Amino acid sequence: MATLFEGFTLCGLVQTSSASDSAIQGIELDGDSDHAVVTDSTRAVTLYKVSDQKPLGSWTVKQGQLLTCPAVFNFQTKEYVVVSDNKVIRVWKEEDLNLDKAFKATVSADVWRVHSAPGGELVVLFQRGAVRLLDSLLSAPQQPIEGILSEKEVIRWSTNIVAEKQHFVLFTTEQRGEHFLYVQRLNPNTLQKYRLEREDSGASPLSFSASLRDKHINLLYLYPNGCVYQSVVAVRGPVGLEGVQALPRSLRLRLPVGEGELGAASAVALDEAHVAVVGMPHPSARTGKDFLCIWNTNFQTLQAEILRIVWCYLGKLFVPHGKALSVIPYECQKSSLASALGKLRHPGIAVSKSSVAIPSWNTLLHGDQPQGPTKIVDTRKSVLTVVHLQPLQTGPVEEVRREVEALVSRGDAQDLQLSVGRLACQLVARSQVETAFYAPGALARLVQTQCLCHSMCPDLLLLALEHKDYFLCQLCLQLFPDIPEVVTCACLKTFIGNEVLQTPYSDNLLVPHLKDLNAPQVILFLQYLQFIYLKYSQDVYTQTPVLRSPTMTQIIDWVCLLLDAHFTVLVMAPDAKGLLSNLQSFVKSQVKLFSELGKIEGSLQELHKMKPSKDISQYSIEVIELF
């Protein structure tokens, strides 16, 4: 039996010019299983902590440059690697702030992908099929790169696998309607080429995925007609065979595609019996193809379903859809006929007669009730009952506050995780319907539990802004790790505060919304930023430990973002001339200061290396000349 759990939004996405293109190039894990490295479709790499949806770092190439392959993590050196403009390899560490100042090397041929795997070295796959170990390549970046592929043969997909201390690079190619699989073994280097069986319709595979199981590499690929095939390559198979070998396949799953064929879909193996498929119609849904389904390949049954490209790591599915990247935990139990038919009972859980529900995306993220068969419900894990919900739906503000306080006080941590989001959504929905009802105390208490985030109740912060409840707004800004940039800017239009500046954001997503601010708002905000920077940078100023104060870097970043978004307007606005002049003078003084500090940096470093004299008595004067 496979189960999809409640998902959450990891981050917003930059929209691409084409609706068919993904806003994400790739997602990788680094040394921490709770960290995800997300590479967008243009210029940015962002490191997120998945469990609390918090960005830990973001790196961007200059305007006019493009990231042309996803960033990966080097498990041996604890560094990140990405390729820009097809030929420039960049290497940096998490503490590096500026990607442009990090190590970079230009190679002699276009790169397709850099691949990383725990226990293996990083490998570079070039667009013409050649493979190099990264360390060997960086030692001589301009070394000649041979071409492996035939004329008009192009790479469509690639991955790498480490098995029994042997490193494999797999990639598929297309040439005049034919599809091939290349298996490159490293140390010793051998290359084998296989021809995939051709569909009668001549259609091309929509997606590939590879996994290692029982000392065999299993290649899974999906066709537009809904057929999911599997081909197997032995890890210890014969090597050195010349020519193109036929690659047998077996049909693992035949998906119901409805009328016509699939246009864009993807399939990935979760274990030996379960496959996750995205971008296909649900067999019981009337319209729409925005479903993610887990199928049991042993019994050809649908196990669980929700919402096109999908990445799978350590029990989590990463799915970009619309303007957001969502994370959906899943669990696959051992395949059996009882579980496939929904007849496997668990103690304490009431099971409906049908195990297949059709939740929408809103069902998963916001708890809306789906239409159709009853969902599986764990009756042990909810502190909310009809009796508890009745006062929230009809009672006055003070009664609602007391009821929420009582529920929060007697619920344990697990109960709160399940119930706080639903409570908040109930109160917000009631406030939107009954304009005279607003319960600030109850909502603030729910936020203070720290079991709530923006994606669980996206209308909460906007409701607080509508009622000018600045205390609740500040609480949300302090405690919500996933506030979208458009909401941050909405707060900025209403009030300025030491909380807006510290809200996590992506500069690529924030700048377009900053452009919605008018000139007086921008000037006022810049004046505020200048004031707090000067105040915080004075030696006589001491920050109160109990206050949340932005760092110098955060203040400067906001100044830069505002100038990027409104530079032309500020230059033309008479009211901004004095402010811009002050900012220019301030920047010049800072540059001069850092220049002078740079001149004595070497001398100061030498002082650390000097050994103190042993002939020092209780009192001495030592003169050190700096040149």
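In what order do the 4 strands of the open sheet lie, and is their pairing parallel or antiparallel? In this predicted model, the 4 strands are arranged as β7-β8-β9-β10, and the pairing is antiparallel; strands are DSSP runs of E with at least two residues, helices are DSSP runs of H or I with at least four residues, and both are numbered from the N terminus. Two strands are taken to pair if DSSP finds at least two bridges between them. The edges of the sheet are formed by β7 (67–74) and β10 (103–106), each of which pairs on one side only. On average, neighbouring strands of this sheet are turned by 15° against each other, direction ignored, where the axes are lines fitted to C-alpha atoms (for helices over the stretch in contact) and angles run from 0 to 180 degrees between N-to-C directions.

Within the sheet, strand β8 (residues 79–84) and strand β9 (residues 88–92) run antiparallel and are joined by 5 bridges. Ser84 has Val88, in β9, as its bridge partner.

Because the model is predicted, local features need pLDDT of at least 70 and side-chain atom pairs count only at pLDDT 80 or more, whereas totals for chains, interfaces and linings use all residues. Residues are numbered from 1 along each chain as its sequence is written, and side-chain values use heavy atoms, with hydrogens and water left out.

A search of the whole structure finds 14 salt bridges, a salt bridge being a side-chain nitrogen of Lys or Arg within 4 Å of a carboxyl oxygen of Asp or Glu. One of them joins the side chains of Glu153 and Lys193, at 3.8 Å from N to O. Glu153 lies in the loop between α1 (134–139) and β14 (154–163) and Lys193 in strand β17 (residues 190–196), so the pair ties together parts that are 40 residues apart in sequence. Both Glu153 and Lys193 are buried; buried means under 20% relative accessible area, exposed over 50%, and partly exposed in between (1.4 Å probe, protein chains only).

A salt bridge is also formed by Arg195 and Glu178, whose closest N and O atoms are 3.8 Å apart. This pair links distant parts of the chain, with Arg195 in strand β17 and Glu178 in strand β16 (residues 178–186), 17 residues apart. Arg195 counts as partly exposed because its relative accessibility is 37%, and Glu178 likewise counts as partly exposed, at 24%.

In a salt bridge between Glu199 and Arg249, the closest N and O atoms are 2.7 Å apart. Glu199 is buried, with a relative accessible area of 9%.
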